[in-house]
Structures are given as structure tokens and as C-alpha cells.
Amino acid sequence: MDAPRPLILIHIPKTAGTTLSHMLRMRFALRPANWFRHARTLGYYHLGYARPEHLEARLARIAALSPRQRGQVRFFAAHAGFGLRERLPDDLRATAAYITVLRDPVARVISTFRHLRSEGRLPRDLNLRNYIDQRKHFGLFKFDNAQTRYLAGDRGVATDDHAHRVTRDMLELAKQRLERDMWWFG
């Protein structure tokens, strides 16, 4: 089966999405025909990756391309929820396909803790148990079914309502999207 164009990586933090993203970017960028259109090929990756304003800038830049140039877009990755494809211009939306990586939720929380501590965003003396006990202080979203929240998102926004837990409907929607809308997930 040939890969659709472009691939859209819904990058859920701490699930190995960075590794997959690097592998795919190298694959797409190292093709000789892509050397001179690197930014378009990779969906304007250099405009930023994680913050909402960067996502908006990237989507606007792609929308401003000519149809011929948009045909060169091969890969788009973002820390964003489901629904990015629906925000692309019609010609890309018709051929784009979602991919994502999932991870054991407990391992994901431990990895998040280690990552935040290594970046200095958590006190060095904070242990994992206290981190989990104080999860509301550090952002419930990092703990409370983040993978479900990303997959149940809308218009590229992960469902991040700290006041409410993930519902059974959100879980069912996330599962349906994995089965119905993902070209590949691992």
C-alpha cells in the first residue's frame, strides 16, 4: 500500500513521537527532489512545533501556498489533537492521513516526570510519588488520559478541560478514530 500525502503525526507528548518524527523527516528530506523545498516538504516544521500560535502560523503558511506547492507537502507533525487534517486546504485534506504513537499510560507519566525534572521545570528534590500526589498543581492534563484527550480532540486542539475527567464517550471516540481514521498507529 502506498503512503498517502501528507502524513500528519498527531504527536502525543512522551510516546516516542519525536523519534518517529525525526525518522520520517529524514526520510522525506533526504530525497534529492526535496532538497530545495525542504520547508514545504516538512510542513514548515521550522516555524515552531508545540505552541498553539506556531501551529496557526504553520497552517496559514501552508494555506497560502499555490496548489502546486501544496502538492509538495509530505509530512506535518504537531503536539496537537485530532482534527488537523480538517484544517488543511481541500486538496491536501483529500489525501492526508493520520499517524500516531501510543504508550503505556504509566510509563508515559513516569517519562513525563523525568523529562520535566531534567528540564528544570520541577524541583530536583520532588519525587515521583509527590509529583503524582500534586498533579493538579503540575497540570492534570499530563496525567489524566492525555492520549484519549488528544485523540478525542477537535480542530487540532486536544480536549484539555481540567475541570472534567475523561468521559466514556471521549474514550469511545478516541478508539473509533484509531480504528477508522488512522492510517497507521503503533
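Predicted model: local features only at pLDDT ≥ 70, side-chain atom pairs only at ≥ 80, totals over all residues.
Which side chain meets that of Glu 86 in a salt bridge? The partner is Arg 85, at a nitrogen-to-oxygen distance of 3.5 Å, where a salt bridge is defined as a side-chain nitrogen of Lys or Arg within 4 Å of a carboxyl oxygen of Asp or Glu. Residues are numbered from 1 along each chain as its sequence is written, and side-chain values use heavy atoms, with hydrogens and water left out.

The overall plan comes next. The protein chain has 10 helices and four strands, and these elements are DSSP runs numbered from the N terminus, with helices being H or I runs of at least four residues and strands being E runs of at least two. Followed along the sequence, the pattern is β-α-α-α-α-β-α-β-α-α-α-α-α-β. Of its 186 residues, 45% count as buried, a word that here means under 20% relative accessible area, whereas exposed means over 50% and partly exposed lies in between (1.4 Å probe, protein chains only).

Strand β2 (residues 75–78) holds Ala 78, which counts as buried because its relative accessible area is 1%. The C-alpha atom of Ala 78 is separated by 8.5 Å from that of Ile 12, although these residues are 66 apart along the chain.

In soluble globular proteins, nonpolar side chains tend to be buried together. A nonpolar core is taken here as a set of buried Ala, Val, Leu, Ile, Met, Phe, Trp, Tyr and Cys residues joined through side-chain atoms within 4.5 Å. The largest such core has 24 residues, and those with the most contacts inside it are Ile 8, Ile 10, Leu 55, Phe 76, Leu 84, Leu 88 and Met 182. At least two residues of this core come from each of β1, α3 (52–63), β2, α9 (146–151) and α10 (168–180), and α3 gives the most, with three residues. Leu 84, once its neighbours within four places in sequence are left aside, is in contact with Ile 8, Leu 55, Leu 59, Phe 76, Ala 78, Tyr 98 and Gly 156. A second, separate core of 12 residues includes Leu 24, Phe 28, Phe 75 and Val 101.

Charged residues form another part of the picture. Side chains of opposite charge can pair when their charged atoms come close. The count of salt bridges comes to seven. In the pair that opened this account, Glu 86 is partly exposed because its relative accessible area is 35%, whereas Arg 85, at 15%, counts as buried. Another salt bridge joins Asp 90 and Arg 93 at 2.6 Å, N to O, and both residues lie in helix α5 (residues 90–93), three residues apart, which is about one turn of the helix. Asp 90 is exposed, with a relative accessible area of 55%, while Arg 93 counts as partly exposed at 32%. The side chains of Arg 180 and Asp 181 also meet in a salt bridge, at 2.9 Å, N to O; Arg 180 is exposed at 54%, but Asp 181 counts as buried at 16%.

The accessible surface of the protein chain comes to about 10500 Å², of which 54% belongs to carbon and sulfur atoms.

Notes:
Areas by Shrake-Rupley, 256 points an atom, 1.4 Å probe, with all protein chains shown as cover. Contact = heavy atoms within 4.5 Å.
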